[in-house]
Amino acid sequence: MSDDHTFSANKIFGFLILYTALEVAWGTAFDFPRWAIWSGLLIFAFLKGYLIFTWFMHMKFEQPILKFMVVPTIPLIAILIFANMPDTSFNDDMLYPIGHQLEVNLDDDGIHRSKTGEVTGMPDVTAQKAVPASEAHDPLAGGH
Amino acid sequence: MSNPIEAYDPAVDAPAHHHPIYDYESGPPVDRGKFAIWLFLATEVMFFTGLIGTYIVLRMGTETWPNPDLRLEVDLTALNTFILITSSWMMVRSLHAIQHGDREGMKKWLLWTILGGCVFLGVQIYEYIHMWADGRRPNVDIFWSTFYAMTGFHGFHVFVGIVWLICAYIAALRGAYTKENYLRLELAGLYWHFVDLVWVLLFTIVYLM
C-alpha cells in the first residue's frame with residue numbers, strides 16, 4: 001500500500017469531523033421547517049456513512065463479491081420498515097395503543113380510549129392529556 | 001494408458017500446499033475471513049434495522065413525539081460521536097502502520113483506538129446512570145424504551161469491539177502481525193468501523209431528528 005492511503009485516511013477523517021460539526025449545527029441551531037432539517041440531517045448522516053463504508057472499511061478497493069453481499073440489505077431494510085407501517089403506525093385496531101393512538105383522548109384515569117370512547121389500551125403509568133406538539137411540556141426535561 | 005492412481009507419486013504429484021489433481025483455488029475470490037466478516041456485518045445491518053426500524057415505525061405514527069433536544073444531552077453525545085469517529089480513524093492508522101511494516105506504530109494506534117472506545121462507552125454509561133437516576137427509564141414511555149433498546153444494543157456492540165481489539169492488541173504484543181500477515185487485525189478493524197457507522201446513523205436519527 002502506498003502513502004496515499006494514509007493521506008486519504010487523514011483527509012476522510014477531516015471530512016467526517018467537519019460533516020459532524022455541520023450536522024449538529026444544522027440539527028440544533030437553525031429554525032428551518034422540519035422537512036428541511038430532517039433532509040439535511042439524513043444527507044449528512046448518509047454522507048458520513050458512505051465515507052466510513054467506502055474508505056475506512058476499504059470497500060472501494062475490495063472485490064465485487066463483497067459489495068454484492070451488502071447490496072441485498074438495502075431492499076430488505078426498505079421492506080422491513082415500510083411494510084410494517086400500514087399494520088403498525090396507522091392501525092386503529094391495535095389492542096395496545098402505539099403510534100398515533102398515543103395522542104387520542106386520554107382521560108384523567110390514564111386509560112387509553114379511541115376517539116369513539118372505546119377502551120383500547122392498558123392504564124398508562126404517566127397519565128397525561130394529549131396536547132399539540134407546539135404546547136407539549138416534558139415533565140422530565142432538564143432532569144426534573 | 002496408465003492408471004493415474006497407481007502412477008501417483010506424492011513426492012512428485014503432491015508438492016506442499018497443492019492438491020495433486022485439483023490444483024486450483026476453490027471458494028470465494030477473497031480471503032475467507034474477510035468474506036465471513038462481511039457476511040456477519042450484513043446480518044448485523046439487519047439486526048440494527050430491526051431496532052431502528054421499530055423506532056421509525058412507531059414514531060411515524062405519532063404526532064406528539066418528544067423533542068430529543070429536551071430529553072437527551074445532545075452536546076455531550078455530539079462530543080462522544082467525535083470520540084468514536086476519531087477512534088475509527090486511529091484504527092485506520094494502525095492498519096496503515098502495519099501495512100508499512102511499522103509494528104510499533106500499529107500497536108500505538110491500536111492502543112489509542114481501544115482508549116477511544118473505552119471513553120465512548122464510559123460517557124454512555126455516565127449518561128445512562130444520570131438518566132436512570134432522574135427517572136428516565138425504559139418503562140416510562142415508548143421514547144425511552146426505544147432509546148434504551150437502540151443505544152443499549154449499540155453499547156454492547158462497542159463493548160464486544162473493545163474486547164476484540166484488546167485481544168488483537170495482545171496478539172500484536174506477541175508479534176502476531178507482520179507486513180505480510182495482518183488479516184486478523186483488519187477484520188477487527190472492519191467490525192470497529194461498522195460499530196462507528198451504526199452510531200453515526202443512530203446519533204442522527206435518535207438525538208438530532
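Reply: In chain B, helix α4 (residues 74-99) packs against helix α7 (residues 183-208) at an angle of about 160°, and their axes lie 10 Å apart. Axes here are lines fitted to C-alpha atoms, for helices over the stretch in contact, and angles run from 0 to 180 degrees between N-to-C directions. Helices (H or I, at least four residues) and strands (E, at least two) are DSSP runs, numbered from the N terminus. The angle therefore makes α4(B) roughly antiparallel to α7(B) (angles under 35 degrees count as roughly parallel, over 145 as roughly antiparallel, 65 to 115 as roughly perpendicular and the rest as oblique). The crossing of α4(B) with α7(B) is left-handed, that is, the near helix is turned anticlockwise from the far one by less than a right angle. From α4(B) the contact draws on residues including B:V74, B:L84, B:M91 and B:I98, and from α7(B) on residues including B:L185, B:W192, B:W199 and B:Y207; two residues are in contact if their C-beta atoms, placed from the backbone, lie within 7 Å. By class, the residues of this contact are 11 nonpolar, five polar and two charged (Ala, Val, Leu, Ile, Met, Phe, Trp, Tyr, Cys and Pro count as nonpolar, Asp, Glu, Lys and Arg as charged, and the others, Gly among them, as polar).

This is a predicted model, in which local features need pLDDT of at least 70 and side-chain atom pairs count only at pLDDT 80 or more, while totals for chains, interfaces and linings use all residues. Residues are numbered from 1 along each chain as its sequence is written, and chains are lettered from A and ligands numbered from 1 in the order in which they are written.

Another pair in chain B is α5 (residues 103-133) with α6 (residues 142-173), at an angle of about 155° and with axes 10 Å apart. That angle makes α5(B) roughly antiparallel to α6(B), and α5(B) passes α6(B) in a left-handed crossing. Among the residues that meet are B:M106, B:L110 and B:F120 of α5(B) and B:V158, B:F159 and B:L165 of α6(B). This contact divides into 16 nonpolar, six polar and one charged.

Between the chains, the contact takes 50 residues from chain A and 49 from chain B. On the chain A side, α1(A) gives the largest share, 11 residues. That side holds 31 nonpolar, 15 polar and four charged residues.

Chain A averages a pLDDT of 73, with 58% of the residues scoring at least 70; pLDDT is the predictor's confidence in each residue, from 0 to 100.
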